[in-house]
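Here is a short report on one protein chain. Look at the sequence and the model, then read on.

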Amino acid sequence: MRKKHSREAGYIAERMNPHVPGKKVVIYRAAEQGLDDKDGKYAVVCDAHRTVDNVGNIPHARCLMKAPETFCLECRALS
Ligand SMILES: [Zn+2]
């Protein structure tokens, strides 16, 4: 069953992972998703590898969402 990220707490946006077919990269408001937010209030999550990166603003988060290899080492290995 395909996971519906859009119903999750703190959901902001998602995009297909360019390196892992069928998986997504998702932006959340970190605190609402239960993630640490001391390094930035937004969390970008590589769904395929459960890698999380925190950033302070949405434009930066969207850049990372489009290019998960910039923060996820496992995606980098695939790219
Ligand atoms: Zn990844």
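β3 and β4 form a hairpin with four residues between them. This is a predicted model, where local features need pLDDT of at least 70 and side-chain atom pairs count only at pLDDT 80 or more, while totals for chains, interfaces and linings use all residues. Residues are numbered from 1 along each chain as its sequence is written. The element names follow DSSP runs, numbered from the N terminus: helices are H or I runs of at least four residues, and strands are E runs of at least two.

R50 sits in the loop between β3 and β4. Its phi is positive, near 60 degrees, and R50 is not a glycine. Is R50 buried or exposed? R50 counts as exposed because it has 9 C-beta neighbours inside 10 Å. The cut-offs are these: a residue is buried with 20 or more other C-beta atoms within 10 Å of its own, exposed with 12 or fewer, and partly exposed in between, with C-beta atoms placed from the backbone.

Now the sheet. It is open, with four strands in the order β1-β2-β3-β4 and antiparallel pairing. The edge strands, β1 (11-16) and β4, each pair on one side only. From one strand to the next, the twist averages 20 degrees. Two strands pair if DSSP finds at least two bridges between them. Strands of a sheet pair through backbone hydrogen bonds, either parallel or antiparallel.

Next comes the helix. α2 lies across β1, β2, β3 and β4, and runs at about 5 degrees to β3. Such angles run from 0 to 180 degrees between N-to-C directions, using axes fitted to C-alpha atoms, for helices over the stretch in contact.

What about the core? A nonpolar core is a set of buried Ala, Val, Leu, Ile, Met, Phe, Trp, Tyr and Cys residues joined through C-beta atoms within 7 Å. The largest one here has 16 residues, and I27, Y42, V44, V45 and A61 touch the most other members. Two or more residues each come from β2 (24-29), β3 (42-46) and α2 (58-66). β3 gives the largest share, five residues.

Which residues does V45 contact, leaving aside neighbours within four places in sequence? They are V25, V26, Y28 and V52. Contact means C-beta atoms, placed from the backbone, within 7 Å.

Definitions and conventions
Contact = placed C-beta atoms within 7 Å.
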